[in-house]
Amino acid sequence: MNLRFTAQSFLEAKVKKEKITMLTAYDYAMAKLIDACGVEAILIGDSLGMVVQGYDSTLEVTLEDMIYHCKSVARGAKRAMLIGDMPFLTYHISMTEAVRNAGRLVQEGKVHAVKLEGGRERAETVKAIVGAQIPVMGHLGLTPQSVHALGGFKVQGKDEVKAKALIEDALILEEAGVFAIVLEAVPEELAKVITEKLHIPVIGIGAGRYCDGQVLVIHDMLGLYNDFTPKFVKQYADLGACVKEAVGHYIKEVKNQSFPEEKHVFSMDHNLVKMLDDVQGGSYEFNTNCTRLKSLVR
Ligand code: KIV
């Protein structure tokens, strides 16, 4: 029985009006935890460029980086649908390259779908990747790979022309064959209209309450990354504070020798303990010519 959430399940969830949950993950341990909680989809987002690699945008992330992280997540997640971001310049140059790169994320990274940013300018690329039997998720609104073209990480679709263009882009992507669209940082009213106009689910991040589902960057929602926290983030836990407290405690205990305790140590067989006493007493004969060793134990 296939318990995995699939592109088809996204569509069924929309019909049933069941909200879809998606979170990012970039490694085995976190993917395993999130998967066990029952999230429907895990996005291996190129946000890893910022929250894992420490760059100030996603532009530096390479396909090799993505494959590495997708593989790690795939080993941890058994139930969620895995969606891998296509990084900057891996789908912009030619359709052939785009299909090959999407294929590598599926074949080597073991994801079930890819996500790419952009609207009408990506329609033919979406068709080509979907034509290779790879499900594609769209991404509209604030598309972080366009940070320079957009003039920063800003809310999108705020005037009439831009709002209309966003609605058209969403319809064009649906027509091109994407199974869902991430809509990032747009006014709630606009996101509501787009969600209602489309037959495919709209997964919001900073797009308000009426989307078919929500996605958050796991480091943001757990308080593990605070270089920049957008208004739309809800921090469900402050693991950053937990880490600082635990590490502070560890440093203190190592310094004052209260860690490790007896329960953390391994013991030796009694006869070997005797041998170590002999080594310390200088009466043990080593089977070596190493003069430094001899001088150390004598
Ligand atoms: O890269 C990412 O994590 C994303 C989400 C913000 C949707 O694209």
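L89 lies in the loop between β3 (81-85) and α5. In this predicted model, L89 has a positive phi of about 75 degrees although it is not a glycine.

**Backbone features**

- Most residues other than glycine have a negative phi, and most peptide bonds are trans.
- The positive phi of L89, about 75 degrees, is found in a residue that is not a glycine.
- F259 and P260 are joined by a cis peptide bond, with omega at about 0 degrees.
- P260 belongs to the loop between α11 (239-255) and α12 (270-281).

**Ligand surroundings**

- The residues that surround the ligand are T24, L43, G45, D46, S47, D85, K115, H139, V182, E184, I205 and V217.
- From D46, a polar side-chain atom lies 3.1 Å from an oxygen atom of the ligand.
- For D85, an N or O atom in the side chain is 3.0 Å from an oxygen atom of the ligand.
- For K115, the corresponding distance between a side-chain N or O atom and an oxygen atom of the ligand is 2.8 Å.

**Helices α2 and α4**

- Two packed helices are described by the angle between their axes and the distance between the axes.
- Helix α2 (residues 28-37) and helix α4 (residues 63-76) have axes that come within 7 Å and cross at roughly 40 degrees.
- This angle makes α2 oblique to α4, since roughly parallel would require an angle under 35 degrees.
- The crossing in which α2 passes α4 is right-handed.
- On the α2 side, Y28, A31, K32 and D35 take part, and they meet S72, V73, R75 and G76 of α4.
- By residue class, the contact of α2 with α4 comprises 3 nonpolar, 2 polar and 3 charged residues.

**Helices α4 and α5**

- Helix α4 also pairs with helix α5 (residues 95-107); their axes come within 9 Å and cross at roughly 25 degrees.
- That angle makes α4 roughly parallel to α5, because angles under 35 degrees count as roughly parallel.
- The crossing of α4 and α5 is right-handed.
- From α4, the residues L63, E64, M66, I67 and C70 meet N101, R104 and L105 in α5.
- The contact of α4 with α5 divides into 5 nonpolar residues, 1 polar residue and 2 charged residues.

**Helices α8 and α9**

- Helix α8 (residues 160-176) packs with helix α9 (residues 188-197) at an angle of about 25 degrees, and their axes are 10 Å apart.
- The two helices, α8 and α9, are therefore roughly parallel to each other.
- The handedness of the crossing of α8 and α9 is right-handed.
- In this contact, α8 contributes A163, L166, I167, A170 and L171, while α9 contributes L190, V193, I194 and K197.
- The contact of α8 with α9 is made up of 8 nonpolar residues and 1 charged residue, with no polar residues.

Methods: Residues numbered from 1 in each chain as written. Predicted model: local features only at pLDDT ≥ 70, side-chain atom pairs only at ≥ 80, totals over all residues. Heavy atoms only, no water. Axes fitted to C-alpha atoms, helices over the stretch in contact; angles between N-to-C directions. Helix = DSSP H or I, 4+ residues; strand = E, 2+ residues; numbered from the N terminus. Parallel < 35°, antiparallel > 145°, perpendicular 65-115°, else oblique. Left-handed = near helix turned anticlockwise from the far one by under 90°. Contact = heavy atoms within 4.5 Å. Nonpolar A, V, L, I, M, F, W, Y, C, P; charged D, E, K, R; others polar. Near = heavy atom within 4 Å. Polar contact = N/O pair within 3.5 Å; in protein donor to acceptor, adjacent residues only side chain to side chain.
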